[in-house]
Amino acid sequence: MTSDLQIWQLVLDASWMVKGVMAILLAASIASWMIIFNKRQVIGKAEKAADAFEERFWSGTDLTNLHGGIASAHRLTSGMERIFDAGFAEFTRMRQQGRMTPSAMVEGSQRAMRIALTRETEELENHLNFLATVGSTSPYVGLFGTVWGIMHAFVGLSNVQQVTLATVAPGIAEALVATAIGLFAAIPAVVAYNRFARDIDRIAIQLETFIEEFSNILQRNTGAAPPPAPAHASVHASGFSHSR
C-alpha cells in the first residue's frame, strides 16, 4: 500500500505536461480494453455462427428451403449466412431472367458472395486499427512524457546549491511513471491485436472455402465448367441437396 500511495503521489506531483500525457495514455488504455472485450465477443460469436451454419448447410437440407427460411426470418444476416444468402439470391435472380449462361450465373453469384465476404471482414476488423495504433505509439508517448519530466526536474535543480540523489530521484521517478503507463497501455493492445488478426484470418479462410464449395454446387446444378477445386456435392432436379 505504501508503494501505491507513493506512485499516486508521484503522479500528483508531476508537471502539467506529464499529467496530460498520463491522462491520454490512461484514456487510450481504457478504450483499448473496451475494444478488446467487445471484439472478443464479436469474434467468438462469428466463429460459433459460422460453425453452426456450416453444419446446417452440409446436413443435406434443400438449399432452396434453407434460403427461404433465412429470407422469411426478416432479420439481419451475418457471417457465412450472409454470404450464402447473397450468393443464392443473386443466382436465383439471374436464373429467373433466363438470358444468362450457366457460367455467367455462377460468376455473378461468386461476385455477390465476394462482396458479402468483404463487408463481413470489414466489420470483424472494425476498431482493430485503433489497437494497432495504441500498441505502436503509446511507448513513444510515454517516453515523451518521461523526457519532458526529466527536463522539468533538471530545470528545477538549477536553484539548488547542492544536488544529491535525494533531490534528483523524485523528479526522475515522476517522469518514469509516464513510460510505465505507456507500456501498460501498449502491451495488452499489441497482444490483443495479434490474437484478433489471427482469428479473423482463420474466419476469412473458412468463409472463402465455403464460397468455393458453394460455387461448386452451383456449377454442378447449372452444368457450368467446374473450377480446378474439387466439388463435394450432388444435386437433384427437385432442388439443391448436397453432402460432403
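Reply: Happy to. The largest pocket is lined by Gln41, Val42, Lys45, Ala46, Ala49, Ser78, Gly79, Glu120, Glu123, Leu124 and Asn126. A pocket here is found on a 1 Å grid over the protein atoms alone, as an open set of points where a 1.4 Å probe fits, with protein on both sides within 12 Å along at least five of seven lines; lining residues have an atom within 4 Å of a point. Please keep in mind that this is a predicted model, in which local features need pLDDT of at least 70 and side-chain atom pairs count only at pLDDT 80 or more, while totals for chains, interfaces and linings use all residues. Residues are numbered from 1 along each chain as its sequence is written, and side-chain values use heavy atoms, with hydrogens and water left out.

The volume of the largest pocket is about 260 Å³, taken as the space filled by probe spheres set on the points, which are joined across faces, edges and corners. Helix α2 (residues 16–57) contributes the most to this lining, with five residues. Both α2 and α5 (102–124) supply at least two residues each; helices are DSSP runs (H or I, at least four residues), numbered from the N terminus. By class, the lining has four nonpolar, four polar and three charged residues, where Ala, Val, Leu, Ile, Met, Phe, Trp, Tyr, Cys and Pro count as nonpolar, Asp, Glu, Lys and Arg as charged, and the others, Gly among them, as polar.

Valine 42, one of the lining residues, sits in helix α2. With a relative accessibility of 32%, valine 42 is partly exposed (buried is under 20% relative accessible area, exposed over 50%, partly exposed in between, with a 1.4 Å probe and protein chains only). The C-alpha atoms of valine 42 and glutamate 123 are 9.5 Å apart, although 81 residues separate the two in sequence.

Next, the second largest pocket, which holds about 170 Å³ of space. Its lining consists of Ile70, Ala71, Arg75, Leu76, Thr77, Arg82, Asp85, Ala86, Ala116 and Arg119. Two or more of these residues come from each of α3 (63–72), α4 and α5, and α4 has the largest share, with three residues. The classes here are five nonpolar, one polar and four charged.

Ile70 from that lining is also one of the buried residues of α3, together with Leu63, Leu66 and His67.

Tryptophan 33 is partly exposed at 34%, and phenylalanine 37 is exposed at 54%.
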